[in-house]
Amino acid sequence: MSAGSDRRLVLLRHAKSAWPEVADHERPLGPRGLRDAPAAGRWLRDAGCVPALVICSTARRTRETWALAAGQLGTKVPVRYDERVYAAEPEELLEVVSEVPGDVGTLLLVGHNPGLEELAISLARKAVAAADTEAIERLSRKFPTSAIAVLACPVPWQELAPGSARLTDFTVPRGTAR
């Protein structure tokens, strides 16, 4: 990365899961999630948010979300499965992010709520430009399944802290029934 260029932190909440009689960590994607996860990948590709690195929760629904989204990117992206992302608080997610090498320009975290939503709000709460007001208001109301928040991070990953990023996009890609 060149000096002065923003890093991007992309937060992807897992797609809609099913609720079979299994432990929370092992819940698979449901029919809507199976449609929405590829739509999230298409949005990442079309928005130019293809990550240099993915850190994904070890939960089955996040792994399935990433596999379906990744299939839409047109390129192979390195992925790390990190058990710390599962049920993580924002501070724990920041710790995971702080370990990312400095040359990673776009980092994607695939995880869960409320941690992802709280992290996005915390990072962007001070730097809300007028153009970004609508996106942060929508994010603050709800960070639904398959939602994607994109944050510009002008500091190294190790220095990322509450108020140090700017929300540049928030979207909820939805797939269509086939």
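**Helices and cysteines in the predicted model**

Helix α1, residues 31-46, is made of 16 residues and stretches 24 Å from its first C-alpha to its last, close to the 22 Å expected at 1.5 Å a residue. Keep in mind that this is a predicted model. After α1 comes Gly-48, and its phi is positive, near 70°.

Next, a pair of helices. Two packed helices are described by the angle between their axes and the distance between the axes. For α3 (residues 90-98) and α4 (residues 115-124), that angle is about 75° and the axes lie 8 Å apart. Angles of 65 to 115 degrees count as roughly perpendicular, so α3 and α4 are roughly perpendicular to each other. On the α3 side, the contact is made by Pro-90, Leu-93 and Leu-94; α4 brings in Gly-115, Leu-116, Glu-118, Leu-119 and Leu-123. Sorted by class, the contact has six nonpolar residues, one polar and one charged.

Finally, the cysteines. A disulfide is a covalent bond between the sulfur atoms of two cysteines. Counting pairs of cysteine sulfur atoms within 2.5 Å gives zero disulfides here. Cys-49 has a relative accessible area of 4%, so this residue is buried. Cys-56 is buried too, with a relative accessible area of 0%.

Key. Residues are numbered from 1 along each chain as its sequence is written. This is a predicted model: local features need pLDDT of at least 70, side-chain atom pairs count only at pLDDT 80 or more; totals for chains, interfaces and linings use all residues. Side-chain values use heavy atoms; hydrogens and water are left out. Helices (H or I, at least four residues) and strands (E, at least two) are DSSP runs, numbered from the N terminus. The expected span of a helix is 1.5 Å times one less than its number of residues. Axes are lines fitted to C-alpha atoms, for helices over the stretch in contact, and angles run from 0 to 180 degrees between N-to-C directions. Angles under 35 degrees count as roughly parallel, over 145 as roughly antiparallel, 65 to 115 as roughly perpendicular and the rest as oblique. Contact means heavy atoms within 4.5 Å. Ala, Val, Leu, Ile, Met, Phe, Trp, Tyr, Cys and Pro count as nonpolar, Asp, Glu, Lys and Arg as charged, and the others, Gly among them, as polar. Buried means under 20% relative accessible area, exposed over 50%, partly exposed in between (1.4 Å probe, protein chains only).
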